[in-house]
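Reader: I would like to go through this model step by step. Please give cut-offs as you go.

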Amino acid sequence: MSVTITGTNEYISIVNNMLRKVPQGARDAVRHYTIATQAQAVRLEPVKTGFLRRSTTISFDNTTMTSTGTVTANAYNRGYNYGARQEYDDKLHHPNGGQAHFMETAFEAQKAGFIRDIKEVLK
């Protein structure tokens, strides 16, 4: 007894193309939510001089298989990154030892929408 399966080459070709290329909708979602995360982080940052806000930047790295958006808040003064201090240990502006967590809060606020949009694109 022999079994013949037809159409496998077409199926494999389709799957390989899907794996090789990030859909434009996914790239658009990465761009949109990266920009939205940066905007929200800037709104949440503690402000004394505005240098931290001006130092909060975004960057994108797109290849055929990946799309990455990055938000950074690196405000260096004489080699000291007080953007990180504001995020993780903000005793300077919160005497009770509170922490700002502006980046984490901005990320968490955008996460559900991003996941929803990516799932929709990949349907």
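Reader: Which pattern does the chain follow, read along the sequence?

Author: This is a predicted model, where local features need pLDDT of at least 70, side-chain atom pairs count only at pLDDT 80 or more, and totals for chains, interfaces and linings use all residues. Residues are numbered from 1 along each chain as its sequence is written, and side-chain values use heavy atoms, with hydrogens and water left out. Helices (H or I, at least four residues) and strands (E, at least two) are DSSP runs, numbered from the N terminus. The chain has 5 helices and 4 strands, in the pattern α-α-α-β-β-β-β-α-α.

Reader: How many bridges join β1 to β2?

Author: Strands pair if DSSP finds at least two bridges between them. β1 (residues 56-62) and β2 (residues 67-73) run antiparallel. They form a hairpin with 4 residues between them, and Thr57 stands opposite Thr72 in β2. The bridges joining β1 to β2 number 7.

Reader: What geometry does the aromatic pair have?

Author: Rings of Phe, Tyr and Trp (its six-membered ring) pair if their centres lie within 6.5 Å; planes under 30 degrees apart are stacked, over 60 edge-to-face, and the rest tilted. The whole structure holds 1 such pair. The ring centres of Tyr33 and Phe114 are 5.8 Å apart and the planes stand at 75°, so the pair is edge-to-face.

Reader: How many residues apart are Tyr33 and Phe114?

Author: Tyr33 is in helix α2 (residues 24-44), and Phe114 is in helix α5 (residues 102-121). The pair links distant parts of the chain, with its members 81 residues apart.

Reader: Is Phe114 buried, exposed or partly exposed?

Author: Buried means under 20% relative accessible area, exposed over 50%, and partly exposed in between (1.4 Å probe, protein chains only). Tyr33 has 10%, so it is buried. Phe114 has a relative accessible area of 29%, so it is partly exposed.

Reader: Which ring does the charged end of Arg31 sit over?

Author: The criterion is NZ of Lys or CZ of Arg within 6 Å of the ring centre and within 35 degrees of the ring normal. The charged end of Arg31 is 3.9 Å from the centre of its ring. That ring belongs to Phe60.

Reader: Which residues does Met103 contact, leaving aside neighbours within four places in sequence?

Author: Contact means heavy atoms within 4.5 Å. With those neighbours set aside, Met103 is in contact with Ala41, Val71, Thr72, Ala73 and Glu87.

Reader: Where is Ser55, and what does Ser55 touch?

Author: Ser55 lies in the loop between α3 (51-54) and β1. At 13% relative accessible area, Ser55 is buried. Not counting residues up to four places away in sequence, Ser55 touches Thr72, Ala73, Asn74 and Ala75.

Reader: What span should α2 have, and how far apart are its end C-alpha atoms?

Author: The expected span is 1.5 Å times one less than the number of residues. With 21 residues, α2 should span 30 Å. This agrees with the model, where the end C-alpha atoms of α2 are 30 Å apart.

Reader: What covers the buried residues of α2?

Author: The buried residues of α2 include Ala26, Val30, Thr37 and Gln40. Their cover includes β1, β2 and α5.
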